[in-house]
Amino acid sequence: MKNFNHFKLCMLVVFSFLLGINTYAQHSNFTGSDHWKTQRGELLFGIGISNFLGDLGGLDKTGTHYSPVDIEWNTTRPSGHFGYRRRLASWLATTSTFQYAVLKGDDAYTNDPFRRNRNLSFRTHLFELSQRLEILIFRDEHYGARYDIPDLKGDKNRNTLVYLFSGISFLGYIPQGNLDGGWTNLRPLNTEGQGLPDAVEPYKFVSFGIPFGIGFKYGFDRVWRMSFELSYTQTFTDYLDDVGGEYYDNDAIRAAYGTTAAYFADPSDGTFKTWTAEGELRGDANHNDGYMFFNISIIRNLSDKSTKKLKWRYRF
């Protein structure tokens with residue numbers, strides 16, 4: 001009986017050892033398991049740059065505006081953001097983000113004759129709250145061994161993702177114009193005659209947009225990651241730059257709203273005065289404005305609680 005008990009004890013030790021080795025060998029590769037659940041919640045924050053695509057500024061070729069080939073790099077401005085990502089499945093995530101950016105456009109940066117004569121410029125404070133879905137098109141998510149056993153080496157941690165995203169953005173914006181070194185809010189000036197007979201309706205200071213883009217995320221360890229994203233947002237407003245449709249009678253604007261409003265309605269030098277006469281095109285009312293972001297984010301995983309490795313020691 002005593003020998004039998006010793007046998008059972010030896011078998012228990014051997015079984016425990018083998019079970020430990022087997023547990024060690026089961027790495028957390030979430031491309032083939034449900035370990036993505038340890039990535040359910042992530043906090044992100046970062047900085048970026050913005051670029052405006054609309055009526056003002058751009059390249060020297062008419063007809064290229066509202067497209068990436070019309071990017072004017074001189075008007076690139078900074079942005080900042082923070083948000084929360086929720087992993088819904090191994091291939092799907094959703095992200096809520098708040099972003100502040102400055103958009104800018106200036107006809108002085110182009111040699112297109114119409115735009116140079118128009119001589120409009122602006123900056124806009126943009127506040128964007130977005131909700132989007134992310135589809136992971138490439139995943140290399142792998143953790144090394146959960147347990148650190150002497151003389152046994154595990155795989156290195158990997159967390160590399162490539163994803164496409166789209167969704168909806170709610171945005172508020174404040175377009176401003178520069179006069180004598182100071183910035184003036186343009187919406188209250190009614191630069192296209194808003195509020196006067198037969199003029200366009202006043203535009204709102206809020207709108208919606210459809211963002212879409214591509215992102216790349218790289219993980220340093222179980223907790224910290226970094227992502228790079230390039231996106232374009234098509235908005236439902238043509239007034240991020242305070243420019244929408246046609247010129248209104250400038251004398252009527254001056255009489256109703258003052259000389260500052262009249263200046264921002266038509267700051268051209270008069271070389272081609274007929275180009276800025278009442279009823280002539282001030283902007284392209286057939287296309288709404290858009291903007292691009294390139295963002296860099298620092299990401300903190302909130303779901304994985306195992307920040308320390310367990311260490312096993314075997315003594316026989």
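Q: What makes up the secondary structure of the protein chain?
A: The protein chain has 4 helices and 12 strands. Helices are DSSP runs of H or I with at least four residues, strands are E runs of at least two, and both are numbered from the N terminus. This is a predicted model, where local features need pLDDT of at least 70, side-chain atom pairs count only at pLDDT 80 or more, and totals for chains, interfaces and linings use all residues. Residues are numbered from 1 along each chain as its sequence is written, and side-chain values use heavy atoms, without hydrogens and water.

Q: Why is R282 called buried?
A: Buried means under 20% relative accessible area (1.4 Å probe, protein chains only). R282 has 1%, so R282 is buried. R282 sits in the loop between α4 (259-265) and β11.

Q: What makes the pairing of R282 with D242 a polar contact?
A: A polar contact is a pair of N or O atoms within 3.5 Å; within protein, one must be able to donate a hydrogen and the other to accept it, and residues adjacent in sequence count only if both atoms are side-chain atoms. The R282 side chain reaches the backbone oxygen of D242 at 3.1 Å. The backbone oxygen of F264 also lies 3.1 Å from a polar atom of that side chain.

Q: Which residues touch the most other members of the largest nonpolar core?
A: They are L103, L126, L171, Y173, L240 and Y291, in a core of 15 residues. Such a core joins buried Ala, Val, Leu, Ile, Met, Phe, Trp, Tyr and Cys residues through side-chain atoms within 4.5 Å.

Key
Buried means under 20% relative accessible area, exposed over 50%, partly exposed in between (1.4 Å probe, protein chains only).
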